Amino acid sequence: MKESIISIDDVSFQYPDQTAFALQHVSFHVQRGEWLAIVGHNGSGKSTLAKMLNGLHYPQEGTVTISGLALSEENVWAIRKKLGMVFQNPDNQFVGTTVQDDVAFGLENNGVEQKEMKERVQEALQKVGMTAFLNQEPHHLSGGQKQRVAIASVIALRPDIILLDEATSMLDPAGRDEVMNTIRDLKEKEGLTVISITHDLEEAAKADRVIVLNEGSVYAEGSPQAIFQLDQELLTLGLDVPFSVRMSELLADKGITLSERHFTEEELVRDVWTLNFTE
């Protein structure tokens, strides 16, 4: 059995100006090396949960444990060294005048020596395929490139966990694929734990496991395959079922049977390509 790197145990949280709980008795564990997607509509509690994992909120009930440390004011800075966060808008994360300056910023703040800093900056940019843009000004980059630099800034700090907070929602499909492929490659090569907080089920389909939040509580939990079996329920919750799932169902309604139910467009295209439509 794999080690739990994050434990959320019976956590509740309520904003002072609201009567309803933003999170109510939420419990789940994240295994080391796992990719967990947390999905939900606006107001489901996922943004509050993202802020709690980064120590911007503390549970009013229950406990949050990250890499063996209980979330508290005393431990919050140690936890932030173990969990790196990539936000929705990469422009809000840039502080350096060049790509390498931006990646180095967090290392400088952590007191990393100059020689090691240069090595880490090069290493991080190489991992996300951005070494050719070392001296480029960040605002000249595409959306996908900006997010890859933001990811490099995080992995240069060598966290155990990367938290993506709607990190692809402002990107076009090409940029989204670019970022997701980068994250998957890093997860496999570096053994990182990835938490993707999103409303995009196309993105969630790439995860190992999915948790659906609704009205501050865990509504469902399981593999992408298991979660997408709830297609009508997901639509009721305000979530769009991935195109590949909808298309698989439409083909089945027309009597075209695929080898299995597909959760990515690539899998669907490969299966359709092998079909024989001749009489």
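Biologist: Let's begin with what comes after α1. Which residue follows that helix, and what is its phi like?
Modeller: That's Gly55, and its phi is positive, near 75 degrees. Keep in mind as we go that this is a predicted model.

Biologist: Noted. And α1 itself, how many of its residues are buried?
Modeller: Six of the eight, so α1 is largely enclosed by the rest of the structure. The buried ones are Lys46, Thr48, Leu49, Ala50, Met52 and Leu53.

Biologist: Which strands does α1 touch?
Modeller: Four strands make an open sheet, ordered β2-β1-β4-β5, with antiparallel pairing. At its edges are β2 (23-31) and β5 (69-70), each of which pairs on one side only. Helix α1 (residues 46-53) packs on this sheet, where it touches β1, β2 and β4. The direction of α1 makes about 125 degrees with that of β1.

Biologist: How many bridges hold β1 and β4 together?
Modeller: Five bridges, between β1 (residues 4-13) and β4 (residues 61-66), in the antiparallel sense.

Biologist: What's in the loop between β4 and β5?
Modeller: Ser67 is in that loop. Ser67 has a positive phi of about 50 degrees, although it is not a glycine.

Biologist: Why would you point that out?
Modeller: Because most residues other than glycine have a negative phi.

Biologist: Where else does a residue other than glycine have a positive phi?
Modeller: Glu215 is one, with phi near 50 degrees. Glu215 sits in the loop between β9 (209-214) and β10 (217-222).

Biologist: Is Glu215 buried or exposed?
Modeller: Exposed, because its relative accessibility is 61% and the cut-off for exposed is over 50%.

Biologist: You mentioned β10. In what order do the strands of its sheet run?
Modeller: The order is β6-β7-β8-β3-β9-β10, six strands in an open sheet with mixed pairing. β6 (83-86) and β10 are at the edges with a single partner strand each, so one side of each has no neighbour in the sheet. From one strand to the next, the twist averages 20 degrees.

Biologist: Do β3 and β8 run parallel or antiparallel?
Modeller: Parallel: five bridges join β3 (residues 35-39) to β8 (residues 193-198). One of the pairs is Ile38 with its bridge partner Ile197 in β8.

Biologist: And which strands do α5 and α6 lie across?
Modeller: Helix α5 (residues 143-155) lies across β6 and β7 (161-165), running at about 165 degrees to β6. Helix α6 (residues 173-190) lies across β3, β7 and β8, and its angle to β3 is about 140 degrees.

Biologist: Now helix against helix. At what angle do α3 and α4 pack?
Modeller: At about 125 degrees, with the axes of α3 (residues 99-109) and α4 (residues 114-127) 9 Å apart. That angle makes α3 oblique to α4. The crossing of α3 past α4 is right-handed.

Biologist: Which residues meet there?
Modeller: From α3, Val99, Gln100, Val103, Ala104, Leu107 and Glu108. They meet Met117, Arg120, Val121, Ala124 and Leu125 in α4. By class, this contact has eight nonpolar, one polar and two charged residues.

Biologist: How do α3 and α5 cross?
Modeller: Their axes come within 8 Å and cross at roughly 35 degrees, and this crossing is right-handed. Val99, Asp102 and Val103 of α3 make the contact with Val149, Ala152 and Ser153 of α5. Those residues divide into four nonpolar, one polar and one charged.

Biologist: Last topic: where is Asp253, and how far is Asp253 from Ser217?
Modeller: Asp253 is in helix α10 (residues 243-253). Asp253 and Ser217 are 36 residues apart in sequence and 34 Å apart in space, C-alpha to C-alpha. Asp253 is exposed, with a relative accessible area of 66%.

Biologist: Great, thanks!

Note on methods: Residues are numbered from 1 along each chain as its sequence is written. This is a predicted model: local features need pLDDT of at least 70, side-chain atom pairs count only at pLDDT 80 or more; totals for chains, interfaces and linings use all residues. Side-chain values use heavy atoms; hydrogens and water are left out. Axes are lines fitted to C-alpha atoms, for helices over the stretch in contact, and angles run from 0 to 180 degrees between N-to-C directions. Helices (H or I, at least four residues) and strands (E, at least two) are DSSP runs, numbered from the N terminus. Angles under 35 degrees count as roughly parallel, over 145 as roughly antiparallel, 65 to 115 as roughly perpendicular and the rest as oblique. A crossing is left-handed if the near helix is turned anticlockwise from the far one by less than a right angle, and right-handed if clockwise. Contact means heavy atoms within 4.5 Å. Ala, Val, Leu, Ile, Met, Phe, Trp, Tyr, Cys and Pro count as nonpolar, Asp, Glu, Lys and Arg as charged, and the others, Gly among them, as polar. Two strands pair if DSSP finds at least two bridges between them. Buried means under 20% relative accessible area, exposed over 50%, partly exposed in between (1.4 Å probe, protein chains only).
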